Structures are given as C-alpha cells and as structure tokens.
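Here's a walk through one model, going from a pocket to a sheet, a hairpin and a helix pair. Have your viewer open and follow along.

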Amino acid sequence: MITKSKIMSLTMAIALLGTILAGCTGNDTAAPSTGNSDANAPKGNDKKEDRTLRMMSGVIGGKTPEENTLFEKEIERLTGIKAKLDKPASDYDQKLLAAIASGEKFDLLQISKEKMNLFIDQGILTPLTDQVKASKVLSDPEVLPAGEWDQIKTKDGKIYGVFSKFQGGTMPIVRNDWLKKLNLQEPKTLDDYYKVLKAFTEQDPDGNGKKDTYGLSTAGMYELQGIFSAAGLKQRYVEKDGKLDVPYSTDAAIPIYEWLNKLYKEGILDPNFATNDTGKMRNLFLTDRVGMITYWDAWVGMLNNTRKEQDAATTFEAKGLPGAADANGKYMIRRGDPDVWVIPVNAEHPKTAFEFIEWWHSKDGIMLGSLGIKDNDYTESGGKYELTKTGKEHAMDHGVPFWYNKKVQPPFGLLPGVKEAQELVVKYATLELTPAKWADAEKIINENSFKAILGEMSAADAVKKMREQLKASKLID
C-alpha cells in the first residue's frame, strides 16, 4: 500500500518532472499550457518527423523483456513506426518519474487517469482536444462511444489522454447455479440479498450434506460499493461545492455497517473476510465454499472458464449483479479508472505518437494489444485465428483484454458472462474520485469499518470515530 511518505515523494517527483519538462521545451517553443487552447498540440504544417516512437507502459507489451522486443518489431511490421518500448517489470510509477526526471524523453506514456490528472496539474502533457475532434478514427462513436469521453475530460472540457482499452468495473458476483438450485430469484434490495445469502449458508447449495458454505466473502472492504449502493454511497471520495468527503464515513453508511455486522454474527459472512486477499476470496468461490463475492466484471468470465476447463460438464455459473437498489430503485457500482495514452509536451515525435494512438484503436492495434504477437501468441490464416501454447498462457491480454471498437469482434468470442457484466458496468457504474491522499484515508476507513462489522464497536460509534480521524488528518473537508 502507498504510504504517506511515498505520496509526498511522488508529489515532489511530479513537481520536479514539471520543471524539467518545461526546461526541455526550448526558447522557440510555447511553454506548457493548461488553458483553453491546444497550443502545444502537434501542428500539421510542422517539419516532417522521423517515424520513430519511444514509449513507456506499465501493462501494454510483452510478458517478458524478450517479448517486448518482439512487440516492438510487430509494431514496426504493422505500422512502419520504429518503436522503442520501456516496460518496467515493477514499480511503474516510480520508475516513470525517475526516468523522466533524469532527463529521458518519451513520445507516449500509458498511465492511469489518476496520474494523468496529476500530470495535467504540472502542465507537462500535450492537450489533444482539437486533434481528437478532428480525428475520423477517435471521433467515430463506433470506435470510442461519445459518452465515454466524459470520464477523462477536465472540468473545462479539455482532453489530454485517449483510452488505451475498455476499463471495466466491480460488482457483486453470484453463483447463479446456486440461485437456480435453491429456486431463488436474483436479489435486488438489501433484504433480498440477506435472504439469498442466508439460504446459501443454510440450505446446503453445494449438496455435500455439510454446513460448510458462506453466503458472502470479500477481500476486506474491497469493492463493497455494490452493497453500499443500497444507501446510494460511493466507495471513495465525492466532491460537492469544492469540498471533499468520504461517503462511507457519513451517518448514511450506518445501516449498511449494521447489515454487514448482522451477516457476520449469523455466520453468513466469511469470518476471514478482513484478512482475505483477492486470491483467497476467489478460491472460496471456485471451490463451492461461498455463493457471492465482490470483484471485477472480467472475472465473471474467468471464473466460469476456470471451472469449465476443470470439468466440461460443470453446472457452475458465475453471474454479475448490479448491486443492491436504493430506496429509489437506483443501482450504483464502481467504474475503474481508465488507462490512457498521453503525449508529454517535450515529445520529439508527437505527430507519430498521435498516429500510433489512432492505429491502436484499429483492428491490427487491437489484435496486438489483446491476442499479442503473430506467430508467437497466435497464427492466422484466411481470417481464422488459432492461439499457440504461449498465447494460451498469455490469456489474450497484452494490455487490452477488452476494447471499445464495435467494428472489431473478439476472434474467439467473450468468456461466458462477461458481456452481461460489462453491460451492467456501462449502465450503472460511475468513476470514483481518487486523490493522492486516498491511501491514508483508506487505512482509517478500513480500521473502523472492520470494528463495526465485527461488532467490536457500534456502527454509529465507528462512523463517528472514522469521521473524527479523517478530519483530524485533514483527509476530508
């Protein structure tokens, strides 16, 4: 987990990065702009660039350094662009900052929206608003849906990054086969969830004649917004009238903590929820020990596929749910922060960088980001694709497991349940507000939430203490 000292170091590094990049622009180049014009965007009448690209990514590329070299060669084969990919094996954010602060230059960076916002504040990113609007590729709603751009636009409507993939969301995932076996309807309200989870605990859904199942397991407080949806509460920060607040620390959250404590007292909630990691939680689900977990939409398909590979005749069926409805019948689940391509203001090949971004959303770009490298991860003949042994191990994910472009269909289709789960994300999920201080706030939230759920403190007292600590630490306004 990121400590406060690491956050301070990150902030200082970003400040240094902004200073260095500003110094690299030279006397004959406009200074970094965060205003309303795209003054730093590459101009069409600039001198011709070498079709060369230096890029840095945390997830896009090969699975090994050797494969990264093959990835570079594949980009050149498909585009004619001579690419150099820097993909650190770990600590991406720190290595990114260190590399640029030492004077290294990149044409393209692949980063999260959270980091993009920090970089925008430092004035080190090229605004891309005009280019995106003028791009026949990126302005095509079949390639990138118009409504999705709102996720990454600044408050004044400017665009500094372009999606590198479709980012999913989190939700409750239920054993749909258990619902059918016990003749239960999909839960909608919090009362419905209680009845279903209680039945999963008490009615022997795995059929082994033992009372060894739980209704719900989580990895701590990870991705519980689908439950807090019943009170209309977001998991992380919200901003209102310029002030930051954490909904989980408000009185509106008290009934949800009381509900979770009820599950714990009655043995419906996995007693190890507070110490579980996501792997332990998933394993309980896959081994018939629990009927519901809270996790990512993509895992609906992976869970189904895992069991299918183990037993082709399995009745196992994972299914995503939109969470618990609030008093007005509305659902609220969490959308993951988008990953984006951005172009630094001191990029030496900005036009080539934007050309690459457009190409990334074409069929060839999508196949590279998903299936991987031709003749290494897959073979293709007459439009028919076949994964190699290596390709199967890489699970069709070289940074783009899912994409927006509706004109490009997955050559092997989607794993069972993923399409429906993604539709829930698009319909009900919203982005979180995750400022740098979230890591410190999360510690306080988790500590007091656990006390409420475990019954070590009343929900009202836990929320009161949580709020007092957040205010004392200046983590909420």
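For residue classes, Ala, Val, Leu, Ile, Met, Phe, Trp, Tyr, Cys and Pro count as nonpolar, Asp, Glu, Lys and Arg as charged, and the others, Gly among them, as polar. This is a predicted model, so local features need pLDDT of at least 70 and side-chain atom pairs count only at pLDDT 80 or more, while totals for chains, interfaces and linings use all residues. Residues are numbered from 1 along each chain as its sequence is written, and side-chain values use heavy atoms, with hydrogens and water left out.

Let's start with the second largest pocket, at about 840 Å³. A pocket here is an open set of points on a 1 Å grid over the protein atoms alone, where a 1.4 Å probe fits, with protein on both sides within 12 Å along at least five of seven lines; lining residues have an atom within 4 Å of a point. Its volume is the space filled by probe spheres set on the points, which are joined across faces, edges and corners. Of its 23 lining residues, Lys113, Asn117, Lys155, Glu239 and Leu433 are the closest to the centre. The lining splits into 9 nonpolar, 4 polar and 10 charged residues. Helix H4 (113-121) gives the largest share, 6 residues. Helices (H or I, at least four residues) and strands (E, at least two) are DSSP runs, numbered from the N terminus.

Now for the sheet. Its 5 strands form an open sheet in the order S2-S1-S3-S11-S4, with mixed pairing; two strands pair if DSSP finds at least two bridges between them. At the edges sit S2 (82-86) and S4 (161-163), each pairing on one side only. Inside that order, S3 (residues 108-112) and S11 (residues 339-342) run antiparallel, joined by 4 bridges, and Leu109 has Val342 of S11 as its bridge partner.

A separate stop is the hairpin of S12 and S13. S12 (residues 378-381) pairs with S13 (residues 384-387) in the antiparallel sense over 4 bridges; Glu380 has Tyr385 as its bridge partner in S13. Between the strands are 2 residues, and Gly382 takes a positive phi near 60°.

Finally, how do H9 and H16 lie to each other? The axes of H9 (residues 254-265) and H16 (residues 438-453) come within 8 Å and cross at roughly 55°. Axes are lines fitted to C-alpha atoms, for helices over the stretch in contact, with angles from 0 to 180 degrees between N-to-C directions. The pair is therefore oblique, given that angles under 35 degrees count as roughly parallel, over 145 as roughly antiparallel, 65 to 115 as roughly perpendicular and the rest as oblique.
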